Amino acid sequence: MHESVVTKGFSAPLKGEIIVPPDKSVSHRSLIIGSLTKSNIKISNFLKSADCLATLKILEELGCKINFLDENTLKLDASNAYKTPKKDLYCGNSGTTMRLLSGLLSAQNIKCTLSGDISLSKRPMKRIIEPLSKMGARIKSNDGKAPLVIEQAKLSGIEYVSPVASAQVKSALLLAGAQITESTTTVLEPYLSRNHSERMLEFLGSNIKTYQKDGFFASTISHAPLIPKNLHVIGDISSAAFIMVAACVIKNSDVILRGVGLNPTRIGIIEVMQKMNAEIEILNKTLRCNEEIGDVRIKYSPDLKGINISGEIIPRLIDEIPIIALLATQADGITTIKDAGDLKNKESDRIASVAKELRKFGANIEPTDDGFIIDGKNNQKGLLNGDAEVECYHDHRIAMMGYIAGLISKKPCKINDFEWVETSFPGFLKIFETLTRE
Ligand code: S3P
């Protein structure tokens with residue numbers, strides 16, 4: 001299926017309120033960590049996107065029973081988890097599925113194979129294979145890439161200093177460690193990456209501790225039976241980010257986004273937008289299932305300025321960099337993004353794909369080894385000529401970045417293979433229809 005979408009050039013203002021779609025990272029974890037309770041739980045506001053449905057199908061293959069009670073609420077019965085699967089466990093495009101399940105399944109007494117699509121099969125898996133192998137896991141790979149064959153093994157805990165601040169690496173080790181009784185597992189990371197796993201495990205009564213040690217962010221875990229509690233998934237700030245940036249750059253826009261996850265490890269985008277002079281406000285903040293949640297109001301912001309983005313904030317906005325790069329093309333002056341070399345390992349090489357696709361619109365963007373230099377000056381007041389044909393390289397966030405660029409272009413643009421948006425944001429186009437309907 002190859003669907004393309006055409007934008008008509010300058011969009012009408014975005015106005016009104018929407019509820020943002022459920023969070024992809026938390027939806028994966030609700031099923032994976034939920035299954036560790038080995039009981040019945042209800043999960044509400046689950047994201048029915050291609051990535052999360054890949055995790056769901058795999059858990060069914062592993063013996064879980066899952067029934068939808070309505071569009072986004074499901075019942076998970078994990079009392080029979082985890083059975084030897086009859087076929088390969090297909091993770092599709094989803095790195096989170098493959099890496100988190102590798103951790104979970106390494107500690108199970110079953111043999112299984114995790115496979116993925118073309119994009120996922122090119123992504124590095126050594127970052128989880130190495131530490132899991134140190135714990136005793138037996139994982140065969142295709143030279144550090146998928147498919148991964150996991151065999152029966154007995155694991156013991158280790159202390160692991162992760163060279164990258166990666167929530168997927170950290171979560172894989174914690175999910176293995178959560179099943180080990182005789183020893184503890186500690187993961188240390190240089191900067192704090194998203195901590196949804198730690199928070200959900202803690203919410204379900206796991207034996208997990210988070211703290212700082214020698215300048216690192218540490219989590220230590222060992223086995224404890226989890227308490228089967230119902231889970232609610234917060235709204236996805238990474239999906240909200242596309243609407244936030246669109247509202248910020250489309251003249252006369254004023255939008256309220258309801259139910260946005262505001263976990264401090266995810267709100268780098270809000271901090272960056274505030275620093276760039278965006279008119280953005282947080283309302284009604286509260287805590288739900290151990291996660292901050294609230295509403296975000298964002299208005300058209302004509303006085304954006306370029307800033308430098310690097311260091312500890314990078315893991316807190318890593319998935320938002322494509323849309324931040326687009327935002328920077330609309331700011332006065334230069335924006336630099338550094339320390340983001342891991343962008344090369346996402347669904348596409350996002351340093352190459354973001355620069356290549358935004359240049360098609362006429363943006364002044366230089367890719368570097370670990371980020372970008374973006375000069376917004378010449379593009380003020382309406383990006384770009386448009387007339388671009390965007391490729392998305394199996395990468396949902398490039399497709400959505402291309403669409404928003406189209407909304408602030410002078411001429412129509414075409415975004416090819418737009419179906420990739422289904423990876424994280426089903427209903428993306430409908431939201432723009434709703435917000436432009438006066
Ligand atoms: C994710 C962690 C991040 C992020 C990805 C989702 C997660 O990846 O980019 O989209 O759910 O744990 P890394 O852990 O590789 O940085």
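**Exercise 1. Which residues are around the ligand, and how is it contacted?**

Which residues are around the ligand?

Solution. This is a predicted model, in which local features need pLDDT of at least 70 and side-chain atom pairs count only at pLDDT 80 or more, while totals for chains, interfaces and linings use all residues. Residues are numbered from 1 along each chain as its sequence is written, and side-chain values use heavy atoms, with hydrogens and water left out.

Step 1. Apply the cut-off: a residue is near a molecule or strand if one of its heavy atoms lies within 4 Å of it. The list is then Ser 25, Arg 29, Thr 96, Ser 166, Ala 167, Gln 168, Arg 194, Ile 318, Asp 319 and Lys 346.

Step 2. Look for polar contacts, meaning pairs of N or O atoms within 3.5 Å; within protein, one must be able to donate a hydrogen and the other to accept it, and residues adjacent in sequence count only if both atoms are side-chain atoms. Ser 25 places a polar side-chain atom 2.7 Å from a ligand oxygen atom. For Thr 96, a polar side-chain atom is 3.4 Å from an oxygen atom of the ligand. Gln 168 uses a backbone N or O atom instead, 2.8 Å from an oxygen atom of the ligand.

**Exercise 2. Describe the interface of domain 1 and domain 2.**

Solution. Step 1. With contact meaning heavy atoms within 4.5 Å, 32 residues from domain 1 and 32 residues from domain 2 take part.

Step 1. Find the buried area, the accessible area (1.4 Å probe) that two parts lose on being put together, summed over both. The value is about 2,700 Å², and carbon and sulfur atoms give 51% of it. Pro 22, Cys 289 and Asn 290 supply 21% of the area that domain 1 buries against domain 2, more than any other three residues.

Step 2. Count the pairs. A salt bridge is a side-chain nitrogen of Lys or Arg within 4 Å of a carboxyl oxygen of Asp or Glu; four of them cross the interface of domain 1 and domain 2. The same interface holds 17 residue pairs in polar contact, both residues at pLDDT 80 or more.

**Exercise 3. Which salt bridge partners do Arg 194 and Arg 258 have?**

Solution. Step 1. Side chains of opposite charge can pair when their charged atoms come close. Arg 194 pairs with Asp 319 at 3.0 Å, N to O.

Step 1. Arg 258 pairs with Glu 17, with 2.9 Å between the closest N and O atoms. Arg 258 is in strand S15 (residues 254–261) and Glu 17 in strand S2 (residues 15–19), 241 residues apart; strands (E, at least two residues) are DSSP runs, as are helices (H or I, at least four), numbered from the N terminus.
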